[in-house]
Amino acid sequence: MSSVYSVDVEITAPVNDTEVTARVADAVQNLFPEADPDHRAGELVAEVHTMEGFSAELHRAEILDTARSVFFDSLAGDRFAFDLKKQAAFEGRVNFAVGEPAELGDIHVEVTVREPDADSYIDYVAPPTEDGKPIDTE
């Protein structure tokens, strides 16, 4: 059984004078293939309604536990947010940014879950694991 999820995912990434806008857009799209970033005053902004591509990358990189911990740490009501290292994203890798932002800034992702609820959506994007392997919770 698969649930229907209704989510708004806002992605923002600063574009510095030393950076090529298209490269920053590539970094965003490497992790969120559904995104079509707009350039606005020094940053790229995109909104998507799925995290399928990002979830696939978390599974491939086997960092589901890390992702879950980052998501749940920032969870407030129906929203959670996280930052990603831009350099890793250029290379198509997920690397959560914690602590001080990188010199060129991080990719900021804010997720609002409309249906059914944030906990279920986090379980969907980054399922619980046992010995590093996803556990089927359904």
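This briefing covers the sheet, the helices packed on it, and several individual residues of the structure above. The model is predicted. Its sheet is open and has five strands, in the order S2-S3-S1-S5-S4, with antiparallel pairing. Helices H2 and H3 pack against each other at an angle of about 130°.

**The sheet**

- Strands of a sheet pair through backbone hydrogen bonds, and the pairing can be parallel or antiparallel.
- In this sheet the pairing is antiparallel, and the strand order is S2-S3-S1-S5-S4.
- The edges are held by S2 (38–40) and S4 (79–84); each has a single partner strand, so one side of each has no neighbour in the sheet.
- From one strand to the next, the twist averages 20°.
- S1 spans residues 6–14 and S3 spans residues 43–48; six bridges pair them in the antiparallel sense.
- Within that pairing, Glu-10 stands opposite Glu-47 of S3, and Thr-12 has Val-45 of S3 as its bridge partner.
- S1 is also joined to S5, by seven bridges, and these two strands run antiparallel.
- On the S5 side, Val-7 has Val-113 as its bridge partner.

**Helices lying across the sheet**

**The H2–H3 pair**

- Two packed helices are described by an angle and a distance, both taken between their axes.
- For H2 (residues 52–61) and H3 (residues 64–74), the angle is about 130° and the axes are 8 Å apart.
- On the H2 side the contact is made by Phe-54, Leu-58 and His-59, which meet Leu-64, Ala-67 and Phe-71 in H3.
- By class, the residues of this contact are five nonpolar, one polar and no charged.
- The loop between H2 and H3 contains Glu-62, which has a positive phi of about 55° although it is not a glycine.
- Glu-62 counts as exposed because its relative accessibility is 56%, over the 50% cut-off.

**Glu-19, between S1 and H1**

- Glu-19 is placed in the loop between S1 and H1.
- Its relative accessible area is 12%, so Glu-19 is buried.
- A polar atom of the Glu-19 side chain lies 2.8 Å from the backbone nitrogen of Asn-16.
- Apart from neighbours within four places in sequence, Glu-19 has contacts with Pro-14, Val-24, Lys-86, Phe-90 and Leu-104.

**Ser-55, in H2**

- Ser-55 belongs to helix H2 and, with a relative accessible area of 9%, is buried.
- The side chain of Ser-55 reaches the backbone oxygen of Val-125 at 2.8 Å.
- Ser-55 touches both Tyr-124 and Val-125, when residues up to four places away in sequence are not counted.

- The peptide bond joining Glu-115 and Pro-116 is cis, with omega about -15°.
- Pro-116 sits in the loop between S5 and H5.
- Asp-119 lies in helix H5 and counts as partly exposed, at 40% relative accessibility.
- Phe-72 and Leu-75 are in contact with Asp-119, leaving aside its neighbours within four places in sequence.
- Asp-119 and Gln-29 are 90 residues apart along the chain, and their C-alpha atoms are separated by 25 Å.

How values were computed:
Residues numbered from 1 in each chain as written. Predicted model: local features only at pLDDT ≥ 70, side-chain atom pairs only at ≥ 80, totals over all residues. Heavy atoms only, no water. Pairing = 2+ DSSP bridges. Helix = DSSP H or I, 4+ residues; strand = E, 2+ residues; numbered from the N terminus. Axes fitted to C-alpha atoms, helices over the stretch in contact; angles between N-to-C directions. Buried < 20%, exposed > 50% of the residue type's maximum accessible area, 1.4 Å probe, protein only. Polar contact = N/O pair within 3.5 Å; in protein donor to acceptor, adjacent residues only side chain to side chain. Contact = heavy atoms within 4.5 Å. Nonpolar A, V, L, I, M, F, W, Y, C, P; charged D, E, K, R; others polar.
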